[in-house]
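Thanks for coming. Please have a look at the sequence and the structure on the screen, and then I will go through a few places in it.

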Amino acid sequence: ETIIRKIDKNNLDPEVIEEAGNILKNGGLVAFPTETVYGLGADALKEEAAKKTYAAKGRPSDNPLIVHIADYEDLKAVAVNIPAKTDALAAHFWPGPLTMIFEKSEIVPYGTTGGLDTVAVRMPSDPVAAAVIRAAGGFVSAPSANTSGRPSPTTAQHVSEDLDGKIDMILDSGSVDIGLESTILDMTVEPPMILRPGAITADMFEEVIGPVSVDETILGSESNKAPKAPGMKYRHYAPKAKLIIAEGDIREEVLAIRQLAYAAHRQGERVGIIATGETLPFYKYGIVKNIGTRENEKTIARNLYRVLREFDDEKVDIIYSESFAMQGIGSAIMNRLEKAAGHLRISASAVVKQQRYR
Ligand code: TXA
Ligand code: MG
């Protein structure tokens with residue numbers, strides 16, 4: 001039986017926090033909100049707790065977990081050979097949606113790191129997360145609180161859809177703020193390398209520590225190389241339907257998706273369309289969802305996983321999506337969308353031209 005407790009992040013109930021802390025200290029699993037997505041917490045320093053986490057998520061155990069801390073001084077307990085640049089990065093971006101990778105210390109079990117000698121560490125800004133981490137003793141491993149292969153949860157409702165009955169407790173503080181997982185920056189290489197794009201972008205790092213590099217597998221669907229973050233190799237965030245991204249300028253994307261949606265509709269398929277506030281009125285066929293506004297890409301990041309889950313529930317056969325500008329959080333949006341699509345892309349101008357010559 002999973003205990004579900006509502007909690008107000010602006011007025012934390014100390015009894016609820018203590019209850020969650022005790023479950024974690026006793027080796028149990030507690031899902032809690034962070035500013036990025038809901039996490040599935042366990043004691044990061046216990047080998048058996050990591051095993052339970054993998055079992056609940058149905059996640060391969062070579063996929064390492066992120067260790068969450070609430071106080072910067074605690075970094076020294078789990079990481080060694082911490083490079084000098086770390087202080088400046090932490091001062092700017094912690095607490096917040098940044099995960100940094102270091103050499104691990106002795107106290108971090110290999111269960112938590114998926115057998116690696118490195119450890120991923122993040123200090124979340126959500127007050128519920130910080131309080132739970134402190135109540136648990138300071139070190140909480142937390143992957144996204146979804147079943148492996150499903151979109152990450154942005155509400156407690158999503159967590160319970162996937163994990164009800166499989167974990168001890170869910171803390172519900174409503175919708176998260178960002179909606180996409182943290183940026184991962186590998187500090188064991190020089191210059192540091194982005195392994196997963198998120199709300200903190202390369203430009204933002206550059207202002208603080210100078211140039212960073214980017215794992216080439218993040219964007220290139222062309223590349224055959226294995227991603228450096230083990231988790232990035234899985235077809236994460238996969239909706240049940242086939243998802244196809246139209247690429248081109250936005251006018252052509254709309255025209256192409258209209259044609260493709262009409263054709264699929266005539267074949268009797270249930271079609272989903274990922275549209276924006278700006279393009280919504282142009283679609284006639286299919287289940288059309290407004291993912292946000294192009295004027296504020298944060299709204300798109302916040303809604304992406306919810307929209308993918310809704311299409312699962314509505315049992316659509318195929319989803320067409322517009323693409324988004326690769327600026328700011330746009331790189332992270334396109335990275336998650338392309339992974340959800342298994343890199344299926346279509347050239348909007350080619351679709352439009354083909355139609356013209358028919
Ligand atoms: O925003 C987030 O980071 C959320 C919230 C809950 O904090 N957590 C999250 O965890 O996204 P998860 O487990 O879904 O993703 C962790 C990613 C995986 O791709 C994993 O391979 C990578 O981090 N990772 C963890 N430790 C690593 C390491 N030592 N070296 C390289 N990649 C690592
Ligand atoms: Mg995940």
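Start at His68, whose bridge partner in S7 is Arg122. This is a predicted model, so please take what follows in that sense. His68 belongs to strand S4, residues 66–68, and three bridges join S4 to S7, with the two strands running parallel. Arg122 has another residue opposite it, and that is Thr99. Here the pairing is between S7 and strand S6, residues 98–104, over five bridges, and the sense is antiparallel. As a reminder, strands of a sheet pair through backbone hydrogen bonds, either parallel or antiparallel.

Is S7 buried or exposed? Four of its five residues, in the stretch 118–122, are buried, so the strand is largely enclosed by the rest of the structure. The cut-off behind that word is 20 or more other C-beta atoms within 10 Å.

S7 also matters for the next topic, ligand 1. Which residues come nearest to ligand 1? Of the 28 around it, they are Thr36, Gly39, Ala120, Pro143 and Gly231. S6 and S7 are the elements that give two or more residues to this shell. The largest share, four residues, is from S7. By type, the shell divides into 16 nonpolar, ten polar and two charged residues.

On annotation, the UniProt record, an unreviewed entry, places the feature "domain: YrdC-like" at residues 14–200. In the model that span is 30% helix and 21% strand, and its end C-alpha atoms are 31 Å apart.

Now some backbone details. The peptide bond from Trp94 to Pro95 is cis, with omega near -5°. Pro95 sits in the loop between helix H4, residues 85–93, and S6. A cis peptide bond also leads from Glu190 to Pro191, again with omega near -5°. For Pro191 the loop is the one between strand S10, at 183–186, and strand S11, at 193–196.

Asn81 is not a glycine, yet its phi is positive, about 50°. You will find Asn81 in the loop between strand S5, residues 79–80, and H4. Lys315 is a residue other than glycine with a positive phi, near 50°. Its loop runs between helix H10, residues 297–313, and strand S16, residues 318–321. With 10 C-beta neighbours inside 10 Å, Lys315 counts as exposed.

S16 brings us to another sheet. In what order do its strands lie? It is an open sheet of five strands in the order S15-S14-S16-S13-S17, and the pairing is parallel. Strand S15, at 287–290, and strand S17, at 345–347, are the edges, each pairing on one side only. From one strand to the next, the twist averages 25°. Strand S14, residues 271–275, is joined to S15 by four bridges, and Gly272 has Ile287 in S15 as its bridge partner.

The loop between S14 and S15 holds Lys284. Lys284 is exposed, with 10 other C-beta atoms within 10 Å. Tyr262 is 22 residues away from Lys284 along the chain, and their C-alpha atoms are separated by 8.3 Å.

Last, the confidence scores. The protein averages a pLDDT of 94, and 96% of the residues score at least 70. The ipTM is 0.99 and the pTM is 0.95.

Conventions. Residues are numbered from 1 along each chain as its sequence is written. Chains are lettered from A and ligands numbered from 1 in the order in which they are written. This is a predicted model: local features need pLDDT of at least 70, side-chain atom pairs count only at pLDDT 80 or more; totals for chains, interfaces and linings use all residues. A residue is buried if 20 or more other C-beta atoms lie within 10 Å of its own, exposed if 12 or fewer, and partly exposed in between; C-beta atoms are placed from the backbone. Two strands pair if DSSP finds at least two bridges between them. A residue is near a molecule or strand if its C-beta atom, placed from the backbone, lies within 6 Å of it. Ala, Val, Leu, Ile, Met, Phe, Trp, Tyr, Cys and Pro count as nonpolar, Asp, Glu, Lys and Arg as charged, and the others, Gly among them, as polar. pLDDT is the predictor's confidence in each residue, from 0 to 100. Axes are lines fitted to C-alpha atoms, for helices over the stretch in contact, and angles run from 0 to 180 degrees between N-to-C directions. UniProt positions are given in the numbering used here, feature names are shortened, and annotations may be inferred rather than shown by experiment.
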